[in-house]
Amino acid sequence: MTLPASAARPSVLFVCVHNAGRSQMAAAFLTHLSQGAIEVRSAGSQPADAVNPAAVEAMSEVGIDLSAEIPKVLTTEAVRDSDVVITMGCGDSCPYFPGKRYEDWVLDDPAGQGVEAVRPIRDEIRARVEELITSLPAPSD
């Protein structure tokens with residue numbers, strides 16, 4: 001197996017069933033907070049047609065635009081190419097590859113919720129992403 005060109009920086013995959021709320025918010029926070037130092041992916045086993053509008057609104061309140069994001073299907077390649085795989089408390093299972101770090105973040109589901117209910121989920125995701133960043137190795141040159 002050849003390593004991707006981005007192997008010099010750690011990579012993280014966020015997985016949720018619909019890839020429309022929690023995983024999209026987590027990916028956006030990690031992209032924003034790491035300033036490109038971490039390769040970020042998100043996907044779902046049954047992707048929705050669009051990102052949850054309440055998640056888009058909640059993220060726009062903190063200056064992050066999710067409006068152009070599109071839910072993506074989870075692939076074995078995405079898991080294989082990631083150093084860390086984080087499921088978002090929705091019971092999704094991922095293909096298992098030895099040597100990967102797997103975590104499950106148990107979070108409330110924003111599906112069908114208004115922005116008032118999504119804000120605390122957003123804030124918890126941000127805190128977990130900040131913690132995640134400190135636990136990853138610094139990118140190598």
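Helices here are DSSP runs of H or I with at least four residues, strands are E runs of at least two, and both are numbered from the N terminus.

A word on what you are viewing: this is a predicted model, where local features need pLDDT of at least 70, side-chain atom pairs count only at pLDDT 80 or more, and totals for chains, interfaces and linings use all residues. Residues are numbered from 1 along each chain as its sequence is written, and side-chain values use heavy atoms, leaving out hydrogens and water.

Select Val115, Val118, Ile121, Arg122, Ile125, Val129 and Leu132, which are buried (under 20% relative accessible area). They cover an arc of only 110° around the axis, so they lie on the same side of H4; the arc is taken from the directions from the helix axis to the C-beta atoms.

What covers these buried residues? Among the elements to show are strand S1 (11-15), helix H1 (22-34), helix H2 (53-60), strand S3 (84-87) and strand S4 (101-104).

Finish at Ser34, which you will find in helix H1. Is this serine buried or exposed? With a relative accessible area of 9%, Ser34 is buried. Leaving aside neighbours within four places in sequence, Ser34 is in contact (heavy atoms within 4.5 Å) with Phe29 and Ile133.

How values were computed. Buried means under 20% relative accessible area, exposed over 50%, partly exposed in between (1.4 Å probe, protein chains only).
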